[in-house]
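Dear colleague,

Please find below the structure I am handing over to you, with its sequence. My notes on the ligand site and the domains follow it.

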Amino acid sequence: MPMKKLVIFTGAGISAESGIKTFRDSDGLWENYKIEDVATIDAWHKNMSLVQEFYNQRRKTVLAAKPNKAHYALVELESKFKTTIITQNIDDLHERAGSKNVIHLHGQITKSCSSINKNEIFPIKGWELKMGELAPDGSQLRPFIVWFGEDVPLMDKAIIETYLADIFVVIGTSLQVYPAANLLYKLNKNCKIYAIDPHLEEGILPEGSTLIKKKATVGVDVLIEKLLK
Ligand code: APR
């Protein structure tokens with residue numbers, strides 16, 4: 001019996017219990033910055049060092065955080081299902097928990113890229129990316145993040161994975177941000193859908209979905225029981 005294909009779509013909620021604040025729980029402010037001042041391409045052109053500093057602070061938080069039980073539970077599922085994780089998170093907690101196949105739709109805070117060619121990507125050692133650190137093409141190195149107003153290069157890959165899923169699990173995302181949230185409409189009609197989220201409203205999920213209204217570290221146990229039943 002071939003292994004079923006499991007696609008897990010995660011957002012900030014799965015890292016909340018690792019101490020990384022979600023976006024909407026901090027009512028649109030990250031560490032007292034307005035999103036348009038730090039997370040848009042215009043913000044970068046207007047004030048590079050402010051944006052750089054904002055992501056340096058968030059990178060420090062990410063490096064100090066640890067994967068939680070929910071991240072590790074998904075690794076366990078990799079032995080039972082052909083598993084792909086599609087995450088909106090820019091932290092590396094899925095990888096640090098041991099997940100092998102992770103698609104980061106919104107980039108990765110542990111990496112930098114050229115400011116003129118986002119395909120020139122580099123690892124960041126430690127928490128700080130400094131102004132004056134240049135890419136080989138001479139441009140200022142920037143966080144390898146998909147800012148509001150930029151396109152989402154891995155979206156097509158994510159859509160194909162989603163369409164092929166036998167089981168699709170949504171964990172810790174308010175499904176408010178597009179195009180990422182469009183994945184919910186790219187499922188094949190036989191796909192079984194689950195969601196784990198303490199606040200998500202049933203109505204936002206397709207008919208027939210199973211909503212586990214718990215926080216991730218508790219909800220993953222319920223999910224595993226249902227998937228392995
Ligand atoms: N366990 C599970 N889910 C949780 C938990 C938890 N402990 N705590 C909060 N949540 C849920 C919230 O109920 C909410 O539905 O996680 C979701 C977090 O939603 P958002 O803060 O909107 O985060 P996300 O959906 O990932 O945001 C999408 O928007 O902020 C931008 O680009 C950024 O990737 C991000 C995108």
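A residue is taken to be near a molecule if one of its heavy atoms lies within 4 Å of it. By that criterion 22 residues surround the ligand, the closest being R24, H106, T173, S174 and D197. Please note that this is a predicted model, in which local features need pLDDT of at least 70, side-chain atom pairs count only at pLDDT 80 or more, and totals for chains, interfaces and linings use all residues. Residues are numbered from 1 along each chain as its sequence is written, and side-chain values use heavy atoms, with hydrogens and water left out.

The shell around the ligand comprises eight nonpolar, nine polar (Gly among them) and five charged residues (Asp, Glu, Lys and Arg count as charged).

An N or O atom in the side chain of S174 is 2.6 Å from an oxygen atom of the ligand, and one in the side chain of H106 is 2.8 Å from a ligand oxygen atom. A nitrogen atom of the ligand lies 3.4 Å from a backbone N or O atom of G13.

As for the domains, an automatic or database assignment divides the protein into domain 1 (1-19 + 67-106 + 152-229) and domain 2 (21-64 + 108-145). Their C-alpha centres lie 25 Å apart. In contact (heavy atoms within 4.5 Å) are 14 residues of domain 1 and 13 residues of domain 2. Each domain contributes at least three residues to the shell around the ligand.

With kind regards

Note on methods:
A polar contact is a pair of N or O atoms within 3.5 Å; within protein, one must be able to donate a hydrogen and the other to accept it, and residues adjacent in sequence count only if both atoms are side-chain atoms.
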